[in-house]
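Good morning, and thank you for making time for this presentation. May I ask you to look at the sequence and the structure together as I speak.

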Amino acid sequence: MNCASLTHHAIFDGITADEIEAMLPCLEAHTRTYDKGEAILRAGDEVRYLGLVLEGSVNIVATYYWGASDIFVHVAPGQIFGEAYAVSPQQKMLVDAVAAQPTTVLFLNAEKLLTVCGRSCAQHHRLIQNLVRISALKNLALSRRIMHTAAKTIRGRVMSYLSEQAIEHRSSSFAIPFSRQELANYLGVDRSALSAELSRMRRDGLIAFRKNHFELL
């Protein structure tokens, strides 16, 4: 395990490579590699370990009883997944975690992570603080998405999202991190319907855009 590379991940922020190396055995840390499309966690699983994506990426997929499925979250390298279930052992997974490409995951025992040992080492406290901070940011991101998708019309959803982006960038001109299909998925709308509404908003003098760059008028 290259502990020096782990220092760049948010979960280990402020913790040295030597401190990480000393902590990993206590956290029952282990890695596993998955092929593209291979299930990492399945709906119905009871989860004890949270996963840190070292290489590749993971899709969190909601699969419905009738067979259809939607990608709910994409987990990039350096991000964690499964932590909400891992710290709530009575809660079974409601979604699948699937490797979006060849992927390597570092697993950490959530109970061990949350239980400070008798030495009460500072780096363990920092690890818990990092986990709380990451979870808070995830909750904020989810709250923002709920706010954007609360509008009943596509225009309402687009205006909510673009307004939030303008505030975040402190500018009426900005680039968004989504392609058109990704934006449609994020807002929960059809891509063609989204493109048509964006064209109408441009015609109505509300916005100007080119690819993923927008300006609010």
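Let me begin with terms: helices (H or I, at least four residues) and strands (E, at least two) are DSSP runs, numbered from the N terminus, and two strands pair if DSSP finds at least two bridges between them. Please note that this is a predicted model, in which local features need pLDDT of at least 70 and side-chain atom pairs count only at pLDDT 80 or more, while totals for chains, interfaces and linings use all residues. Residues are numbered from 1 along each chain as its sequence is written, and side-chain values use heavy atoms, with hydrogens and water left out.

I turn to the sheet. Phe-174 stands opposite Phe-214 in β11. Strand β11 covers residues 213–216 and runs antiparallel to β9, to which three bridges join it. The open sheet has three strands in the order β9-β11-β10, with antiparallel pairing. Its edge strands, β9 (173–175) and β10 (207–210), each pair on one side only.

Next, the interior. A nonpolar core here is a set of buried Ala, Val, Leu, Ile, Met, Phe, Trp, Tyr and Cys residues joined through side-chain atoms within 4.5 Å. Buried means under 20% relative accessible area, exposed over 50%, and partly exposed in between, with a 1.4 Å probe and protein chains only. The largest such core has 39 residues, of which Phe-12, Ile-40 and Phe-81 touch the most other members. A second, separate core of 17 residues includes Val-158, Leu-162, Ile-176 and Val-189.

Finally, the charged pairs. A salt bridge is a side-chain nitrogen of Lys or Arg within 4 Å of a carboxyl oxygen of Asp or Glu, and the count by this rule comes to nine. In one of them, Asp-13 meets Arg-126 at 2.9 Å, N to O. Asp-13 lies in the loop between α1 (3–6) and α2 (17–23) and Arg-126 in helix α5 (residues 122–149), so this pair ties together parts 113 residues apart in sequence.

Which side chain meets that of Glu-83 in a salt bridge? The partner is Lys-138, again at 2.9 Å, N to O. Glu-83 counts as buried because its relative accessibility is 9%, whereas Lys-138, at 35%, is partly exposed.

Arg-144 and Glu-164 form another salt bridge, at 3.4 Å; Arg-144 is in helix α5 and Glu-164 in helix α6, 20 residues apart. A network of salt bridges also links Arg-155, Glu-197, Arg-200 and Asp-204.
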